[in-house]
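This report covers a few local features of one protein model. The sequence and structure come first.

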Amino acid sequence: MTEASAGTRLWGRARQPLMEAVLPFAVARIIVLGALGLSHFVVDRTHSTVAVAQRVHEGLLGWDAGWYETIARVGYRPLGTQSLRFFPALPALAHALAWLPGVDDGAAVVIIANVAAFIATAMFFVLVRRESGDAELARRSLWILSLSPAAFVLVMGYAESLLLVCALGAFLVLRPAGSSTRPAFAAAAVFGLLAALTRPVGVLVAIPALVELVRWWPRTGRPTRLAGLAAVVAPLVGVAGFLGWAQHVTHDLFAPLHVQLESTHHGGLSDPVVTLFHDATGILHRHVGTALHVPWVLLALVLLIVCWRKFPAPYTLFAAGILAVAVAGSNLDSFERYALSAFPLSMAGALLCRSAQVERVVLILLAAGLAGYSVLAFMNLYVP
């Protein structure tokens, strides 16, 4: 086969996923950027507080994105232990990209986040179509993931899109086409390592790797088993590497976890039922942002049950692991963002929208939710 014919064949395989990704990717960005423009309009014409005005003018580099930009620009040391909540993959890539003429660290963070989001969207189509054999289900899954209310973080300079690329990449190589095709455990190890260096929950990529290793263990030889063990251990190595660096800098091996467990962030371990009740009653005290989390937690649990009934175990266990981390803290701040990374929930949601009429209604509601949550986040009223 000539290089030209090989390239043509590769483009033929990639063309549909890329084309399917374009429209949901573009629509999500139109909505989020429109919400940012609306937020600027409101702030510029009202007597907003300094905090609100500052948040709006931070734009796509607001909230955690600002931390990633600053880490990329000056590193961790000048920022103190609070910066250790943010794992190094995104700021390291942004710092490298910022060497290009005309690209500063802030632009680099946003560019990487959006390019990764587009790649993840195309990868998601491939994965769902391969797993289900249903291109329509794959298409609906893309739209649900892209328009989920928390998906505005895929437009901002957040690490979620990069995490999705790593997690989806791991699933694609762990569950190749054909029931007789062995997983590419060595590639899964690379994706798992990168996932763990992107976000703390990236370590959960070890779960599907372990499930697939157990499933294939009786049918493989020593080299494949060793590669499978590497795929399971690699995410743990990624986290251990960052914790080891934190030990070197702060003399506290678990400094990143200690910072994350502070009450002003995710909080320490608590009873999820108590947390749900506390956040649900928050609306009585005008804490609208906290009360908004409750229906999403309940919906995520329903989708997890659907996932358990309809998809293989690695998908359910991966999503369940992320949800368990999200509800384990003393508050539910950022729950929707955590759930966004649990991409099997979008697959489950797509299964419930097989009717064209139901699909239209759901996508309209999701688009409205994306716009609304974007405005709330830009106006400092919702913690993404």
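The model is predicted. Helix 3 (residues 64-74) and helix 4 (residues 89-97) have axes that come within 8 Å and cross at roughly 55°. The two helices are therefore oblique to each other, and the crossing of helix 3 and helix 4 is right-handed. On the helix 3 side, the contact is made by Tyr 68, Ile 71 and Ala 72; helix 4 contributes Leu 90, Pro 91, Ala 94 and His 95. By class, the residues of this contact divide into 6 nonpolar, 1 polar and no charged.

Ser 148 sits in the loop between helix 6 (135-147) and helix 7 (160-174). Its relative accessible area is 14%, so Ser 148 is buried, the cut-off for buried being under 20%. A polar atom of the Ser 148 side chain lies 2.5 Å from the backbone oxygen of Ile 144. Leaving aside residues up to four places away in sequence, Ser 148 touches Leu 340, Leu 366 and Leu 370.

Most residues other than glycine have a negative phi. Trp 63 has a positive phi, and Asn 380 has a positive phi as well.

Methods
Residues are numbered from 1 along each chain as its sequence is written. This is a predicted model: local features need pLDDT of at least 70, side-chain atom pairs count only at pLDDT 80 or more; totals for chains, interfaces and linings use all residues. Side-chain values use heavy atoms; hydrogens and water are left out. Helices (H or I, at least four residues) and strands (E, at least two) are DSSP runs, numbered from the N terminus. Buried means under 20% relative accessible area, exposed over 50%, partly exposed in between (1.4 Å probe, protein chains only). A polar contact is a pair of N or O atoms within 3.5 Å; within protein, one must be able to donate a hydrogen and the other to accept it, and residues adjacent in sequence count only if both atoms are side-chain atoms. Contact means heavy atoms within 4.5 Å. Axes are lines fitted to C-alpha atoms, for helices over the stretch in contact, and angles run from 0 to 180 degrees between N-to-C directions. Angles under 35 degrees count as roughly parallel, over 145 as roughly antiparallel, 65 to 115 as roughly perpendicular and the rest as oblique. A crossing is left-handed if the near helix is turned anticlockwise from the far one by less than a right angle, and right-handed if clockwise. Ala, Val, Leu, Ile, Met, Phe, Trp, Tyr, Cys and Pro count as nonpolar, Asp, Glu, Lys and Arg as charged, and the others, Gly among them, as polar.
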